[in-house]
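Take a look at it, then read on.

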Amino acid sequence: MSEALLSVRGVNRTFGAGPAAVHALRDVSFDVEPGTMVALVGRSGSGKTTLLNVIGGLDRPDSGTVVVDGLDLGGLDEDGLSRLRRERVSYIFQTFGLIPVLSAAENVGVPLRLARAAPAEREQRVALLLDLVGLADHAQQRPGELSGGQQQRVAIARALAASPRLLIADEPTGQLDAETGLAVMALLRGVVESEGVTAVVATHDPVMMALADRVVHIADGHVTP
Amino acid sequence: MLTLVTRRARAQWPLLLSLLATLVVGTTLLGTSTLLITRTSERSVEVAASRADPDDVAVTAYVAGVSAGNARSVAADTRAVLTSAVAPFEATTVSRASSVMRELPVGGKDGGGYLAAIEDLPSRATLVSGRWPRAGAAIREAAVLQSTARLLGLKTGDRVRLGTEFGRSPNGPVDVRVVAVVRPRQDAGWERDPLGGAGFAADPPESTSARPVRAYGPFLVDLGDLLSGGSALGRLEVSARPDLSDPTSRELDRITAALLRADRKLSGTLGDRIEIERVASPLPQVLIGARNQRQLTSGAVLALALIGLLLTAIALALAGRLTTAVRTGETDLLGALGTSRRQLLASAAVEAGGIAVVAFVLAVPASSLLFAGVTHLPPLAGAGLEAAFTVTGTQLLVVACAAVALAGLHILLAAARPANGGRDRRELLARSGLDLLLVALAGVGWWQLRAQPAGAGYQADTVRVLAPALILAAGAAVALRLLPPLLRGAERFAGRARGLTWSLAAAGAARRPQAMAAGLLICLGCAAATFGTAFDSTWHSSQRDQADLSVGADLALTLTSVPVAGQSAAVGAATGGTVSPVARQNIVVGQWLGGPDTTPQVVAVDTRTAGDLMRGRGPDWASETGPLRPPAPITGAPLPRNAALALTGSATGDSPVLVTPQLLLQDPSGLRTSCAADPAPLDGRPHAVTGCAPVDGLRLIGVALPIIGESGVQRVSGIDATLTLPAAGPAGPPWTVRSASPATNQLTGEKVTFDGRRLHLSVAASFANPTPSSRVLVATAFPDPGPMPVVVSAQLAANVGATRGAELTFAVDQTAVDAVVSDIVPQVPSAPGAPVVLADIDWLTRILAVKGNVNSPVTAWWAADPAPGATARLGDLRLGTVVTRDGEADRLIGSPLRASYPAVLRVLVVAAALLLLGGVLLHVVTDMQARAVEVARLRGLGVSRHGIRTALIGEQAAVVLPLLVAGAGVGALASYLVAPLLIRSETGAAAVPPATAYWPWGAELLLLAVLIAACALTVGVAVFVQARRADAAHLRVAS
């Protein structure tokens, strides 16, 4: 068995204090192998998004450890976490998370700009990724001029732009109709295989669960077998 | 609906609070301006009246031709008419009267004398000997002037009989006993005496005798004695000075109307008891002028307040738009739930009404408080316009109307759907063509301002009121049109960079839909603030320019009587700086007498000191007056202090001949004065000429010798006269002699010799011409200097068609002076806007002297760089009125009638800055809140907080900074184009010299720095807070 790309051990996260405290994560532990796609499944409020935020370094657990690509997130400061998200982890949001004033190509180029890639290299990579997600003809359109499915495909291309090791997607088809959602999931599955990235995808979608290599269930903050 | 509005208000309180704050700032500004326009404006006339020059509030009734029987009743009735005209103000009255001329034989020859009475004689004359006359003595007690006593040989205790009155129905003789010999005080109104306080006149203008009469007097008695003493009155004057120390506007209106009717009322009251009557007072015109000035200032204040109102409306539009944008989802939901447009409008109206009521409740005390505060600061405090916390009906009405109108704007915006599609709202203005329309209107306004008449005018016309706001708004609109291309250029440039931060900032600035109102508010706010600051400086600068030009020197002393020998030393010692005598008199140029407001004048100064002395915008006066300087200085014959000269002469023929020598003297400073000696018969005996050399260092440089004899007969008399000096001195250059101008051919064969002690004059005098002034022999220690080079003002040149090198002839005191135009200048100091001939005082007095006019033309003294306390020291000399250019500038700037101007400018600057910053805060905070999720996603993408802060600050700076700079540019442009055109003189006419824009770099840079720093702080804090908040919680919300 190869070394896990993502290792979550005994993670607890509580919001608030006293009787009103919400225990979002309770002693969560699991590993994700490199190049696999894991579906994180649970009801609304079960702790999926909190877990993704902790994995992505957007939130810190009250206890436990998260190791991504050999990096223990607990030992990283704010800048280290930002660097982690720039270089190793990418997000795909349910609401796409595109910057409205930038075109599709510019949105895809954001991670490359963060990595201070040379303009020529950046343009080449953006073109490749837009072609990969089937939006080469929509490169100059702004998010407001694209459909929901197209926007999510742009988001996927952007997530892949910096060649991350770990792709985190929080209900990427939640805003899409079934047909578009299926297409997006197929795309996601395809890029996991073609780009060799590891993906953790929070979803309610049974199709997505079927496409995943593994399904992790979460309920009331507990990961259940 | 009320529940919805209440709960929404609770949830969105920061937004509503900012809306309320904007409304309160705007309505407070309007309320304060209203109080300045009404309360301060009203009070300014009252204060101006209370501070008016005493001479400007005096009301004087002049009555002539009163019979002895009516004298007492006429005096009483005149006094009653005046006191009723100035009611309800308490008034002090002073009367003076003089009788008609009575016979007073002197040396067996015709002579005349008259009685006079002055109520406050001890304050107008100095007792030389004796005591002041008392009333009711059996034989009237009288005081006589020193000169009269000398000429008549009178001393205290002497009894004098004044014979029968001249004229029709003469009253009988009266006896008086001389109990005092007095000397007239300077500046004490003796010019209104029939003989001007001289004590003697060879042929007084008021003589009713057909024969030339040598008149002596006055014999000053008690007023009651004169009025009841059986003497007809030649003149009666009653002056009333109302106490205007605490007037009200209504009282001032009443006194103005009463004084304008007073003349008619006095005429009706006195009827045929008098021959002539007149009531004169500058007070009605002073009060009318004050009201006109107030009207002019109110118009300017209104124009500036309008800019504030425009800013408030834009700030409110911004707040309204942001509110609408924030509530888009809610509005859509309510619409989807079936809420009608009317119901939405009703909820907006309830909310707007509530805000308007709260704004009204807050703005009324705030504006009153601000008003009270502003009035306790300069310049209003210095102008005596301090006011307590006050609330007026007009203020309530204006604030209420403004609150309702601005709240109504909020309703309209709330009802409007926010624009979709993300097109830049800044371009909306450009696309609609509204900016071009504004530019066109502003152009028309500017053209109208330029075309406004230069003459006086007080009406606050619509163009003058609207033009500043229009021009600023048009400039801001044009700046908004230019901003998008600029930002797109910046975006293209930043897009070439490798990193994200600047390209994201530039893209955000260039592509993100910006609030048109926000851009307009930032640009216009900055423009208004910089315009207000520059306008304030330009206004102050113009007042100082006007003061400099109107005074003409650092200090000007306007004399109330002709200068006397030695005065230059006294004036020089009092001022402690360079001084020059100045002649400033009305003249007639050729046949041109001037118009009603354009009397031509001559201004003659010592051109040797012109460079140091003359003030006011214009050429280099030292080089400009260089060609006006006279030839070599005059030597003359030295006269020791208290020198006694002797006049000896003879005349051929049987009829006696009298001469009254006038000596022309020059003191060490060059001041030339004349001394009239007592009449002396040419009887071969020496006659002393005394009292002409009261100080050291005088030199005799000329003598005018009027020859008086029985005229109108065909005879010629050979005249020889020798003026002997007390000691011999150098003869100096030869003297010249001639007959005074105009030539009447009554004198021929004029000769003069001077041997260092004796000045011998000889001439053949004809007595055919009955006019005594036709036989004046003039000898001077200098030759005729020829045509005088002069500099003329542009207005005089335009009126008489003078060009450089042209010859002019003008009359000074009826003496013709030939001149050659050396140059033409826009203005001459001390006479702004007037047709003026500028000359050298030395040259002018030489010309006047050789033409027989040895009277000093000097009417004033100018001083350069006076020492501290000079004004007070000169005041102690009681020579006349002292004005300094600093004092005049202070008067113009601190005048209660104009002090509102700079005050409202300062309020405008502060209000504009506050509204601008409020707008920036509102815009940035709302923008940051709306983009909270976007900021969190950037964090999710791995952008550091620092990177986010930099990008957001860069984006806001890319929008705000160019708008601030553009606003400053618009303000500067408006200051150069409009400010000089808005500044008028205190008469409402165009300022002289014309106002020029003054850009106070220091203040403007400081203002811009403060605005940029405040905006940076506002943006920085908002961005910093938002970047800190960009955490996983926002992502959760987004998801």
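Ala469(B) is buried in this predicted model, because 23 other C-beta atoms lie within 10 Å; a residue is called buried if 20 or more other C-beta atoms lie within 10 Å of its own, exposed if 12 or fewer, and partly exposed in between, with C-beta atoms placed from the backbone. The residue belongs to helix α15 (residues 462–495) of chain B. Helices (H or I, at least four residues) and strands (E, at least two) are DSSP runs, numbered from the N terminus.

Residues are numbered from 1 along each chain as its sequence is written, while chains are lettered from A and ligands numbered from 1 in the order in which they are written. Because the model is predicted, local features need pLDDT of at least 70 and side-chain atom pairs count only at pLDDT 80 or more, whereas totals for chains, interfaces and linings use all residues.

- Leaving out residues up to four places away in sequence, Ala469(B) touches Leu306(B), Ile307(B) and Leu310(B); contact means that the C-beta atoms of two residues, placed from the backbone, lie within 7 Å.
- From Ala469(B) to Val812(B) there are 343 residues in sequence and 50 Å in space, C-alpha to C-alpha.
- Ala517(B) sits in helix α17 (residues 516–551) of chain B, and it is buried, with 26 other C-beta atoms within 10 Å.
- Which residues does Ala517(B) touch, not counting residues up to four places away in sequence? They are Ile314(B), Ala317(B), Leu318(B) and Arg321(B).
- Ala517(B) and Leu220(B) lie 80 Å apart in space, C-alpha to C-alpha, and 297 residues apart in sequence.

**Chain B as a whole**

- Chain B contains 30 helices and 34 strands.
- Its radius of gyration is 39 Å, well over the 31 Å that the globule rule gives for 1039 residues, so chain B is more spread out than a compact globule. The radius is taken over C-alpha atoms, and the rule is 2.2 Å times the number of residues to the power 0.38.
- Along the principal axes, the C-alpha atoms of chain B fill a box of roughly 135 × 60 × 45 Å.
- Buried residues make up 52% of the 1039 in chain B.
- Of the contacts in chain B with a separation of 6 or more, 83% join residues 24 or more positions apart.
- The UniProt record (an unreviewed entry) places "domain: ABC3 transporter permease C-terminal" at residues 907–1017 of chain B; such annotations may be inferred rather than shown by experiment.
- Residues 907–1017 of chain B are 78% helix and 0% strand, with end C-alpha atoms 23 Å apart.

**Where the chains meet**

- The contact draws 29 residues from chain A and 23 residues from chain B.
- On the side of chain A that touches chain B, α2(A) gives the largest share, five residues.

**A helix in chain A**

- Helix α5 (residues 148–161) of chain A has 14 residues, which at 1.5 Å a residue should span 20 Å, and its end C-alpha atoms are 20 Å apart, which agrees. The expected span is 1.5 Å times one less than the number of residues.
- Of the 14 residues of α5(A), 13 are buried.

**Confidence**

- The average pLDDT of chain B is 86, and 94% of the residues score at least 70; pLDDT is the predictor's confidence in each residue, from 0 to 100.
- For the complex, the predictor gives an ipTM of 0.84 and a pTM of 0.81.
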